Amino acid sequence: VGLGLFTFTWTARLPFDDIDLDEADFAFPNVLRLTKWMNENLPMSAVVVSDMTISAQIRVGTDLSTVLHPHYEHIDVRERVQQWYALSACPPSHHVQYMALSYGAEYIALNLFRCSGAGGENGPFRLTDYIGNYTHRCGPDTDAMSRFCMLGRIDSRYFEPVYQNAEYAVLKVKRKKDGKALIGRSPKKHDLYNASLWQPLLDSCKAYDEQCGLDLVDFGRSWIDRYKNAKMADVVYKEALRRRPEDPLVLKHYAEYVDFDLQDLQTAIPYYEKALEAAKNSPDVVTFAERTRWTTDWAIVLDQELQESRHAMSLMTGLAKEILHHPDIRMQARRDLPDAGRICTVAHFLHAKSPKSRELAKKVWKLAKGIRPNMKCIRENWEEFEGRPRTVGTIVAEFLFAP
């Protein structure tokens, strides 16, 4: 009986939440958002053409048909694969349109990683410079901005942009109607920096779901991280803010852009504050766990950089009370709830900053300790809260018997 009780108690204290598996662990968020948008916005009969990587993701995440199949042992499918390397090479847009329509594809999904820049002499985006369709090779001095995966997104003559995030874009292939010529123009490299030509792509944002704002700010981020183009990044960030002025994710990303990229913390302050307020009113968009991270990080900035300790204490006090009154806070396997580490951070902040808040801090500490008694934050702040060293006996007792 004693051994059984020991085994049960010991097993119950193992951090199973650390090994909890979730579908998001196996895919990048941009892939999940792409397939979610496709499921919600494309007809079930739609045919999509893309490179092999994205075709595989589309087949797994949707019921749509793809031109390419990841099991391409058949000679005809191998030829298709080589043809569609052209998406990251330099074919004229009308040729891509013709190829798509010849396979019955109404949509093209572009993998923008292949336009990510040089990446050395033989980066993956330069695959078509060495194999495949010789007529579409870009040449050794061609940069990413001249490739179809970049220019095709603003080619209004042959394509209509319908979706965009930081990694992927979806173009609807235009068809001639009643033999009439297609209207629009095919861009050149210098057109990439003409913000007006990106307007159709930005306009597509209003046509789909609540993730639109996040997709746009991620797209803006890619102009800085991937293409080193601050001008276009600024256009996209401001467009995201204009279209989604109350979206907490847009506000938070825009604040970080102004703070870290433009080096203007003072201008960023109202956006950080508004993001926190919007997050509190949007639990379906920002989880309690994520809002807890935002609040603790911003409170530390207020306290240490802006010398606004009173405001920081107010934020942390409100958060502490919210944590203590949450009915499910001990359910650490739930990813929408703050983990014990953040709860412990709140306790430490309150305890260190004001004697008046120590009773509240101790309640929060007790909660964090009860959830994960052997985590780093607990070990580091043990003596501060418990008033005694953390011995081996204490560790064993807390591990086995703490509530």
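Predicted model: local features only at pLDDT ≥ 70, side-chain atom pairs only at ≥ 80, totals over all residues.
## Reading a sheet, a helix and a core

Student: What is the order of the strands in the open sheet?

Tutor: Its 5 strands follow the order β2-β1-β3-β5-β4, and the pairing is mixed. At the edges stand β2 (65–66) and β4 (159–164); each has a single partner strand, so one side of each has no neighbour in the sheet.

Student: Now a helix. How far apart are the end C-alpha atoms of α8?

Tutor: They are 20 Å apart. Helix α8 (residues 212–225) has 14 residues, and at 1.5 Å a residue it should span 20 Å, which agrees.

Student: Is α8 largely enclosed or left open by the rest of the structure?

Tutor: Largely enclosed, because 12 of its 14 residues are buried. Among them are Leu 216, Phe 219 and Trp 223. The cover over the buried residues of α8 includes α2 (29–41), β4 and α9 (230–243).

Student: What does Trp 223 touch?

Tutor: Leaving out residues up to four places away in sequence, its contacts include Met 145, Leu 192, Trp 198 and Val 236. In the largest nonpolar core, of 98 residues, Trp 84, Ile 108, Trp 198 and Trp 223 touch the most other members. Helix α11 (residues 265–280) gives this core its largest share, 8 residues.

Technical notes
Residues numbered from 1 in each chain as written. Heavy atoms only, no water. Core = buried A, V, L, I, M, F, W, Y, C linked by side-chain atoms within 4.5 Å. Buried < 20%, exposed > 50% of the residue type's maximum accessible area, 1.4 Å probe, protein only. Helix = DSSP H or I, 4+ residues; strand = E, 2+ residues; numbered from the N terminus. Contact = heavy atoms within 4.5 Å. Pairing = 2+ DSSP bridges. Expected span 1.5 Å × (residues − 1).
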